[in-house]
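Me: Got a structure here. Can we go through a few of its helices and strands?

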Amino acid sequence: MASLLQQSFAGSACLLPRRVKTTPTSVTEDCLVNAVSDKFMSAVTVHSLPLVWFKFVELASFDSVNPVGRLFKANKRQEVSSCGYYSVQVSTVSIHVQRIGGRHGVYAQGASLRDQAEASVSVVTPSTPDLFLLDLASKIEDSVAEGDHSGNDVLARLREEATEATLGCRWPTNKDEAYRFTDLKFLKQANIVPVSSPSETAFDPDSLNLQESEGSRLVFIDGVLSESLSNLENLPEGVIAGSISSIPQEAVRKYVLPRLSSVAERSQKDVFSCLNGVGARDLAVVIVPAGVKVTKPLYVLYYSSSQGSSSAGSTESSYGLSNPRLVVLVGKESQLDMVEDFSGAPESLYWSNSVCEIEIDERGRVGHSYVQEQGRHAVHIRQTYVSQAEASSYKLVEAVFGGRLSRHNLCIQQLGPDTITEMSTFLLAGRNQLHDLHSKLLLDHPRGISRQLHKCIVSDASGHGVFDGNVRVNRFAQQTDAGQLSRNLLLARRATVNVKPNLQIIANDVKCSHGAAISDLEEEQLFYFRARGIDAKTARSALVFSFGAEVLQKLEGAALRKRVENLVKNSLAEEGYINPEVAVTI
Amino acid sequence: MAAAMLPVVAVASRPLIALQQKNGIRNIDTPTAESACSSSTKFVVKGRRRWRVEEIATCSRNAGRNSSFSASVDVSLTQQQNGRRGLTTVATVTEAPVESEQEKVGDVLLEVRGLCAVVEATGKEILRGVDLTIRQGEVHAIMGKNGSGKSTLSKVLVGHPDYQVTAGTAVYKGENLFDKEPEERSHAGLFLSFQSPVEIPGVSNMDFLRMACNARRASLGVPELGPLEFYGYLSPKLAALNMDPSFLDRNVNEGFSGGEKKRNEILQLAVLEADMAILDEIDSGLDVDALRDVASAVNGLRKSDNAVLMITHYQRLLEYIKPTYVHIMEAGRIIKTGDSSLASLLEAGGYEAIKDLA
């Protein structure tokens, strides 16, 4: 260690690739991170395990910077040596160096770290808090305080915790690894208006696709559950669903309260999740008690009304921000199918920033269909947290069409062995659209099975698809069987996708695969059609359409599938890529 | 093959056969009678291109005589003006009353001459001068070692983009096959049952079959079939193959077992009612029952005006679907042609035995 330290001192003027990016992510040996900055360094996120040394060159500035304190807070075993070394136990190092100006950087020294650590280095200023974000948060806070007369304790606590967490966040830029390809600048420049309490006459209920929901449904209008539009009559005995203020207090105490703080903790890292908490006007809760099987799917519809500016012709764009939040608890051996559908007022600007938490108890089963068909100019940001207890199963089918920007952060955590996880996603990005899916599956227990199929079509030069699929198989997750495949179809010149399927495996007895393909249509398949007498154009149409159909046919409910089928066909036909008359169905 | 009369050098080690040009009789290298007596004769034809016809089997049908007959050689190569045959060499065996048997054989459906093809990407030559004539009502089998070019031949015929034809002709129903797009070849009734058909996730078998069927119907000028009519059209064909209707709801070839894939190919053949079916190893990966189903379905589809070209490694298939001719392919050429006894010979002695014969 000592020699390594000296070595690092020798090169302490070292600087430093902006991004130190090395492949797998675990640090298994002692190593040294030498951080050099003209100003200072902040927010070093570390987890547990072997010894990593951090050397900060300008200690003086460090003392004055609070975020370093967070480093210590996060790690129980740290020492501060007199000469300014901090040692902490870490296994995964991700270092965010933030800067205000001048020279900066972080240097990951020592082969072991360079090879094994993933250090993503980005630079912003920590001393000046993110004013934009604070402004936004207080704007949201004010707007909520204005409209909320329910005085619900749970909601108040949620907002309070979220507000506290927001102070430690900053608005993501493309210097953050997680937002490297997803540009949020336009949102920062736009005017964001937190929506006021919705009036139920402000929209047309026909645009809600209510007819599909023969079962029961929850309807969010601008982030608040609408009692008149929701229908919970058909739910089986014992199932509790509704707004936090309308469900029995006993259930709140028993189910919701114990989970509230863990929720805040999990969402702490994510700025949008925090903002959602700050702006939560309502909290929808679905509780399926142990042993209850909900046979008909539960529809959850999200509608954003036109409180923002119109997308056509207005000089200043202002986005109406709503923050729907849903908690789903599925008990032991119970079963729930859920369909989420996001839509909004046509031709208007809105930002739906939703959070959904799903907790599945032992041997519980959840089928989750997710359709995002917001307007072409809308913004859709969504966090989904799923936790799966022993032998539970979670199947997600996601179809994303609308929005100028759509970002889904999907985190699934395994809490017991023998879980089954399936993620099938389809993203269709056309003109001026960016669709982004960041999924994270964390496996900590044996014999988990997971399958992920991600498909993306980019049909225009200005379209952009982003995928980051992380599967982490930790030490005790032996005999895991995890498969991940990302297939991307680029239909236009200069259409872009950025895909990063990644597996992190620490356990030594696992079966894992991942793959990514970015291509035009497969020649072999085209030829198969032609060899059967089907002309090239029809064959292309059928293939483009079927590319997505592989995912879409897993959606719950024939009516939903039919509608989505038309959505895809029309959208692709608009861009001229398929002949909508092609006789292919989902 | 432009010039009408080309000088020919004939090298014959065995009794010579009189060969003379006569309209509409038969090709020199394609015996049309069942009982073939083989005599190996080598020709080197000098023209714009060099030809080596390594194996010629001529036969006398009426006799079953295997007696060698003496004859003299007079070979000529002609370009026939009607365009139906790119290059025709005609043989008349003095003792055989060829004229009478000519009425029994059908019209030529597919005629391949001197076909050479390379892999588009690498330029590697796979086919080095294949000659083959298939008439209506006939069943041909091509056998040969792995890598001898059998599958390539079948793919080239249907227009697979991975291969490029560098020489030779293929005339199908009187038209140049290589002028047509793959879908046009299909519309004309040419069908290839793929050795390993590709999976098409997201397209249901039903949709695929209906699209294919309607495309053919449109090209024939008959009205397209709606979903219900099509189902009516399809069900007897499904039953003939012992296939479950649930099969139609599955995606094309996706997750199909080896047997299901082959059945599906034959189902497509039945739906398209092709005139010239090329079956590339339809017996591979099949259990005994599936092989019987598939073979009987193929037999059920045989008519006097269509033909089958099978590619196989095993004699077993030939027990179910009786071939009129068996061809042995090696290194991109057909080196020997005979009847099904050739397959038995192959089964017993392997390809070495055939080589010795040749």
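**Helices and strands**

Reply: Start with a handedness: H5(B) and H6(B) cross in the right-handed sense. Keep in mind that this is a predicted model.

Me: At what angle do H5 and H6 of chain B pack?

Reply: About 135°, with their axes 10 Å apart. H5 covers residues 227–240 of chain B, and H6 covers residues 258–272 of chain B.

Me: How does that angle class the pair H5(B) and H6(B)?

Reply: As oblique. Roughly antiparallel needs an angle over 145 degrees and roughly perpendicular stops at 115, so about 135° falls among the rest.

Me: Switching to chain A. Which strands does E16(A) pair with?

Reply: E13 (residues 298–304) of chain A is joined to E16(A) by 7 bridges, running parallel. E18 (residues 365–372) of chain A also pairs with E16(A) in the parallel sense, over 8 bridges.

Me: What stands opposite A:Asp341 on the E18(A) side?

Reply: A:Val371. In E13(A), the strand joined to E16(A), A:Leu301 stands opposite A:Asp341.

Me: And why call E16(A) largely enclosed?

Reply: Because 9 of its 10 residues, 335–344, are buried.

Me: Where does H11(A) bend?

Reply: At A:Ser546, by about 30°.

Me: What about the span of H11(A), first C-alpha to last?

Reply: Helix H11 (residues 536–552) of chain A reaches 24 Å, close to the 24 Å expected at 1.5 Å a residue.

Technical notes
Residues are numbered from 1 along each chain as its sequence is written. Chains are lettered from A and ligands numbered from 1 in the order in which they are written. This is a predicted model: local features need pLDDT of at least 70, side-chain atom pairs count only at pLDDT 80 or more; totals for chains, interfaces and linings use all residues. Helices (H or I, at least four residues) and strands (E, at least two) are DSSP runs, numbered from the N terminus. The expected span of a helix is 1.5 Å times one less than its number of residues. The bend at a residue is the angle between axes fitted to the seven residues ending there and the seven starting there. A residue is buried if 20 or more other C-beta atoms lie within 10 Å of its own, exposed if 12 or fewer, and partly exposed in between; C-beta atoms are placed from the backbone. Two strands pair if DSSP finds at least two bridges between them. Axes are lines fitted to C-alpha atoms, for helices over the stretch in contact, and angles run from 0 to 180 degrees between N-to-C directions. Angles under 35 degrees count as roughly parallel, over 145 as roughly antiparallel, 65 to 115 as roughly perpendicular and the rest as oblique. A crossing is left-handed if the near helix is turned anticlockwise from the far one by less than a right angle, and right-handed if clockwise.
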